[in-house]
Amino acid sequence: MTQNEAFEFIHDDTLLATSLWANIALAGLAILLFVYMGRSIEDPRAQLIWVATLLVPLVSISSYVGLTSGLTVGFLEMPAGHALAGEGEIFSPWGRYLTWTFSTPMILAALGLLAGTNRAKLATAITMDVGMCITGLAAALTTGSYLLRWVFYGISCAFFVAVLYVLLVEWPADAAAAGTSEIFGTLKVLTVVLWLGYPILWALGSEGFAVLDVALTSWGYSGLDIFAKYVFAFLLLRWVAANERVIGQTSTTERTGASPADD
Ligand code: RET
């Protein structure tokens, strides 16, 4: 199928098209709002959190323009065993899974910095997260074997468990030491609950058991994205802009804490 045909396929289906355009509009608004909200942040660590947060809607708008234009979607024949096997070529918005590789590490970087964590834990969370996204992409694109689609799904879930562990066990303790427990706690719950929705939706959607059709699956992701990206980022940024000094102190504590000269 040509890109032009893909573009027409998307725009012939109002529900599908609006699920994509709604996010382009919201990401655009979020970018303007976040630039405005961060305009007077001066502490370098708070600025880093701000940049990571701003990258979330920036990646998102690029991702959704890719999907809407037909550039990052494909049409795949599902293997025997899949609910849609033999039904012709099935719409696959693989660009979503690809761009999560860039957006979700930004979310984790912002959260990790907020918790005042160290580089080892930050690197662990981010690399495991990238593993999750890439193997999720592989699951969506595998058409040779139905079983292997789910094997990739399982591998992706294993990476996800590592991310959840850092979020639920390691970073709450770091945030307590950094004095950012309250906001971290709120954002942690929001993140964990919403992120769990993605693998559930994948399993129920057209890539998995196909209980939901293509347009509903797409709206599912778009809805999760609205909360996991824009609402999440807004709450984080509002707090950072108002509590820059707490973040500044976090970096000082970490530096002194890590210095061997202290012992
Ligand atoms: C997949 C399918 C394979 C198993 C797992 C998944 C998890 C995806 C997640 C995505 C989060 C995306 C966000 C995007 C915002 O930009 C790939 C669906 C575990 C957790 C928050």
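How do the residues lining the largest cavity divide by class: nonpolar, polar and charged? The lining has 16 nonpolar, 4 polar and 2 charged residues. The model is predicted. The ligand takes up the space of this largest cavity.

**The ligand and its shell**
- The shell around the ligand holds 15 residues, and S103, T104, S156, W195 and K229 come nearest.
- The protein buries 100% of the 550 Å² that the ligand exposes when taken alone.
- S103 places a polar side-chain atom 2.9 Å from an oxygen atom of the ligand.
- K229 has a side-chain N or O atom 3.3 Å from an oxygen atom of the ligand.
- By class, the shell has 9 nonpolar, 4 polar and 2 charged residues.
- Helices α4 (94-114), α5 (119-141), α6 (146-178), α7 (181-204) and α8 (214-242) each give at least two residues to the shell.

**The largest cavity**
- The model has 3 cavities of 30 Å³ or more.
- The largest cavity contains about 320 Å³ of space.
- Its lining counts 22 residues, with W100, M132, S156, Y198 and P199 nearest the centre.
- Two or more lining residues come from each of α4, α5, α6, α7 and α8.

**The second largest cavity**
- This cavity contains about 40 Å³ of space.
- V59, S60, S63, Y64, R96, T99, W100, S103, D225 and K229 line the second largest cavity.
- α3 (44-69), α4 and α8 each supply two or more of these lining residues.
- The lining of the second largest cavity splits into 3 nonpolar, 4 polar and 3 charged residues.

Definitions and conventions: Residues are numbered from 1 along each chain as its sequence is written. This is a predicted model: local features need pLDDT of at least 70, side-chain atom pairs count only at pLDDT 80 or more; totals for chains, interfaces and linings use all residues. Side-chain values use heavy atoms; hydrogens and water are left out. A residue is near a molecule or strand if one of its heavy atoms lies within 4 Å of it. A polar contact is a pair of N or O atoms within 3.5 Å; within protein, one must be able to donate a hydrogen and the other to accept it, and residues adjacent in sequence count only if both atoms are side-chain atoms. Accessible areas come from the Shrake-Rupley method with a 1.4 Å probe; for residues, only the protein chains shown count as cover. On a 1 Å grid over the protein atoms alone, a cavity is a set of points where a 1.4 Å probe fits but cannot get out, and a pocket is an open set with protein on both sides within 12 Å along at least five of seven lines; lining residues have an atom within 4 Å of a point. A molecule sits in a cavity or pocket if more than half of its atoms lie within 2 Å of its grid points. Helices (H or I, at least four residues) and strands (E, at least two) are DSSP runs, numbered from the N terminus. Ala, Val, Leu, Ile, Met, Phe, Trp, Tyr, Cys and Pro count as nonpolar, Asp, Glu, Lys and Arg as charged, and the others, Gly among them, as polar. Grid points are joined across faces, edges and corners, and a volume is the space filled by probe spheres set on the points.
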